[in-house]
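Morning, everyone. Let me put the model on the screen, and then we'll go through its charges, its helices and its backbone.

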Amino acid sequence: LAPSLPLQEDFVYHWKAITHYYIETSDDKAPVTDTNIPSHLEQMLDILVQEENERESGETGPCMEYLLHHKILETLYTLGKADCPPGMKQQVLIFYTKLLGRIRQPLLPHINVHRPVQKLIRLCGEVLATPTENEEIQFLCIVCAKLKQDPYLVNFFLENKMKSLASKGVPSVISEDTLKGQDSLSTDTGQSRHPEELSGATGMEQTELEDEPPHQMDHLSTSLDNLSVTSLPEASVVRPNQDYNLVNSLLNLTRSPDGRIAVKACEGLMLLVSLPEPAAAKCLTQSTCLCELLTDRLASLYKALPQSVDPLDIETVEAINWGLDSYSHKEDASAFPGKRALISFLSWFDYCDQLIKEAQKTAAVALAKAVHERFFIGVMEPQLMQTSEMGILTSTALLHRIVRQVTSDVLLQEMVFFILGEQREPETVAEISRHPLRHRLIEHCDHISDEISIMTLRMFEHLLQKPNEHILYNLVLRNLEERNYTECKPLCPEDKDVVENGLIAGAVDLEEDPLFTDISPENTLPNQEWLSSSPPATPDHPKNDGKTEVHKIVNSFLCLVPDDAKSSYHVEGTGYDTYLRDAHRQFRDYCAICLRWEWPGSPKALEKCNLEAAFFEGHFLKVLFDRMGRILDQPYDVNLQVTSVLSRLSLFPHPHIHEYLLDPYVNLAPGCRSLFSVIVRVVGDLMLRIQRIQDFTPKLLLVRKRLLGLEPEGPLIDHITLLEGVIVLEEFCKELAAIAFVKYHASSTP
């Protein structure tokens with residue numbers, strides 16, 4: 001031990017120098033920086049680090065023993081709390097931070113470390129914009145980092161309140177006299193006079209937190225001096241009986257006017273929510289204001305947005321990362337009114353999303369439910385349900401933006417329940433408005449304002465791309481579950497023969513059909529290439545035997561629009577094959593999303609289906625089919641959006657969706673319509689209307705060339721809406737044909 005004595009002597013010398021300052025100095029107004037205290041503290045740290053470096057790892061040296069035994073951290077806490085001399089609090093915070101940061105051996109398990117650390121935590125964030133804010137956040141973050149390394153330590157920082165003492169019937173050794181001597185209970189001055197018999201009597205030296213009198217009952221502290229513990233009224237404890245001061249102090253600092261401090265505090269909270277300890281997660285969501293902070297700030301930032309923000313700006317403002325919310329209006333060439341407010345809202349939403357993504361499971365669920373109840377329902381829903389068109393447009397654009405932005409599965413689930421409700425049984429016309437917001441949003445897809453229709457359709461299109469099974473099930477699948485859109489007809493003998501021999505009456509081989517020059521062998525991808533890159537069929541997803549021969553289906557869609565109304569083969573590069581590549585890529589993406597939902601590979605057997613039940617396609621498909629039926633009389637942009645949502649739906653690898661949206665040969669039950677039957681009806685209407693338009697074909701070609709930018713804008717063409725509608729219809733049929741082709745090959749690939 002001899003060599004280490006000088007270190008210890010040195011250490012004690014520096015500590016005594018600090019204590020002597022207080023005994024000898026009468027002038028306590030001089031700032032601490034005018035004294036030798038900072039340099040003595042720095043020397044003590046250096047000695048502790050040197051001592052640790054010279055020893056075996058995990059061995060405690062005499063200097064560290066001295067620090068722990070003489071409760072130096074307790075004394076420093078007291079001096080820091082009194083801020084005597086002025087600036088001492090800052091010095092104490094720096095000392096604690098460096099001690100925890102530079103010493104490798106675990107210090108926090110020691111009662112004489114974590115108890116004063118806990119008290120110091122409570123001094124942080126008390127007053128905003130204090131000179132010590134920077135040191136406070138550094139200190140809190142080092143504690144968080146230590147807890148991240150050893151999550152079980154967090155249990156030392158969950159402090160029991162009075163309630164636990166009262167209800168446990170603590171041994172009578174805690175008398176009124178002991179109480180008065182307990183600084184932490186009454187005035188919380190933090191003097192190092194902790195009666196050892198407190199923990200000794202209860203036999204819980206190491207888990208003294210269980211019985212350590214609380215520090216958070218400041219509102220009771222005055223009356224406590226005159227009370228014995230057991231007579232404390234139960235009702236005086238409002239929140240659950242634990243305190244998580246580390247979280248409370250960080251929450252206070254997230255409100256700091258200094259952006260860097262606020263971001264650091266957010267980072268600290270991110271570390272704490274991810275700790276796997278269930279007790280900490282419970283305390284976090286039940287005993288702190290974390291849920292309130294997240295949701296209240298979301299609400300106030302949302303309400304601060306000007307009503308007049310342009311929906312296009314909401315959609316196109318660059319991706320937001322929560323920590324980088326440093327926006328300068330002056331430097332921004334693309335500034336618009338409300339941009340600052342919009343970025344603040346989106347970056348805080350991003351923070352909530354990331355926090356929930358990182359959080360321990362039960363904490364994540366509680367936080368997401370709080371966002372659902374307090375923000376989605378409390379703030380967003382009234383905005384989405386209003387009747388002002390301007391208001392509907394802005395609030396739908398914001399909903400669309402956060403649907404696109406959300407990445408946490410747990411928050412996405414709550415968002416989906418907010419938008420669509422939790423219902424999973426088939427819809428009926430009578431109960432169509434059971435979830436009012438879902439009903440209203442679907443109605444908005446067919447709003448008198450085209451802008452609102454397009455924005456709402458876009459929101460649904462992005463919603464359908466989210467990895468959540470309930471979305472598609474709630475909107476579409478639950479209504480197709482029983483296949484009661486089909487009518488079961490027994491095959492007549494000739495049909496049977498045709499199917500068995502693989503011949504289809506009247507089918508044309510695509511390569512030989514003069515109409516389909518645009519999918520001739522040289523400009524389509526070779527079959528092998530499609531097959532090799534298609535998602536493989538798994539044993540659980542065998543080839544669906546009920547699939548109609550793919551050529552027949554592709555032909556059906558491509559022949560839907562009559563030759564007189566086609567214009568694409570007059571313009572190069574607009575053949576059906578251009579859709580194949582996109583369909584193939586998108587289908588592969590959808591398959592990846594849907595893999596874990598364990599969908600069946602083939603439709604439910606008809607004998608197991610309840611075909612007698614009345615069929616209703618559901619509100620969502622009803623509105624889409626209604627709009628599809630009016631394609632010849634709607635603006636071009638609306639048509640593009642409606643067909644885009646329908647093609648997204650048809651890409652899903654579910655056999656019932658495939659049958660209902662992509663099989664032209666399904667026997668529809670009386671009174672039912674499918675996507676194919678809706679298009680057939682539109683084409684019938686088109687044939688009648690073409691005859692009444694002079695120079696139909698040249699006009700159609702001109703409109704197509706203008707849409708493609710191959711012709712300059714010229715004088716207005718009459719019947720422009722109809723002509724544009726015909727072009728969208730033709731393209732949509734080609735897209736559906738491509739999707740059917742790709743899906744067929746994906747499921748038939750060995």
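**Charges, a helix and some backbone angles**

Start with E59, which is partly exposed at 37% relative accessible area. The terms run like this: buried is under 20% relative accessible area, exposed is over 50%, and partly exposed is in between, with a 1.4 Å probe and protein chains only.

Some ground rules. This is a predicted model, where local features need pLDDT of at least 70, side-chain atom pairs count only at pLDDT 80 or more, and totals for chains, interfaces and linings use all residues. Residues are numbered from 1 along each chain as its sequence is written, and side-chain values use heavy atoms, with hydrogens and water left out.

Back to E59. What does E59 form a salt bridge with? Its partner is R55, and the closest N and O atoms are 2.6 Å apart. R55 is partly exposed as well, at 21% relative accessible area. By salt bridge I mean a side-chain nitrogen of Lys or Arg within 4 Å of a carboxyl oxygen of Asp or Glu. That rule gives a count of 33 salt bridges.

Another one links R434 and E431, with the closest N and O atoms 3.6 Å apart. R434 is partly exposed, at 46% relative accessibility. E431 is also partly exposed, at 47%.

Now R627 and D446. Their side chains meet in a salt bridge, 3.6 Å from N to O. R627 sits in helix 28 (residues 619-629), and D446 sits in the loop between helix 21 (436-444) and helix 22 (450-463), so this pair ties together parts that are 181 residues apart in sequence. Helices here are DSSP runs, H or I, of at least four residues, numbered from the N terminus. R627 is buried, at 5% relative accessibility. D446 is partly exposed, at 28%.

Which residues form a negative surface patch? They are D310, E389, D450, E451 and D637. A patch takes residues with over 30% relative accessible area and no salt bridge, and joins like charges within 9 Å. Asp and Glu count as negative, and the charge is placed at CG of Asp or CD of Glu. The areas are Shrake-Rupley values with a 1.4 Å probe. One member, D637, lies in helix 29 (residues 636-651). D637 is partly exposed, at 49% relative accessibility.

On to helix 27, residues 577-594. Its 18 residues should span 26 Å at 1.5 Å a residue, and the end C-alpha atoms are 26 Å apart, which agrees. The expected span is 1.5 Å times one less than the number of residues. Its buried residues include Y579, L580, A583, H584, F587, Y590 and C591.

Last, the backbone. Most residues other than glycine have a negative phi, and most peptide bonds are trans. Here are some exceptions.

C84 and P85 are joined by a cis peptide bond, with omega about -5°. P85 is in the loop between helix 4 (72-82) and helix 5 (88-102).

K71 has a positive phi of about 50° and is not a glycine. K71 lies in the loop between helix 3 (62-69) and helix 4. Is K71 buried or exposed? Buried, at 13% relative accessibility.

D695 also has a positive phi, near 50°. Its loop runs between helix 31 (675-690) and helix 32 (696-707). D695 is exposed, with a relative accessible area of 53%.

Note on methods
Helices (H or I, at least four residues) and strands (E, at least two) are DSSP runs, numbered from the N terminus. Patches are made of residues with over 30% relative accessible area and no salt bridge: like charges are joined within 9 Å, nonpolar side chains (Val, Leu, Ile, Met, Phe, Trp, Tyr) within 5 Å.
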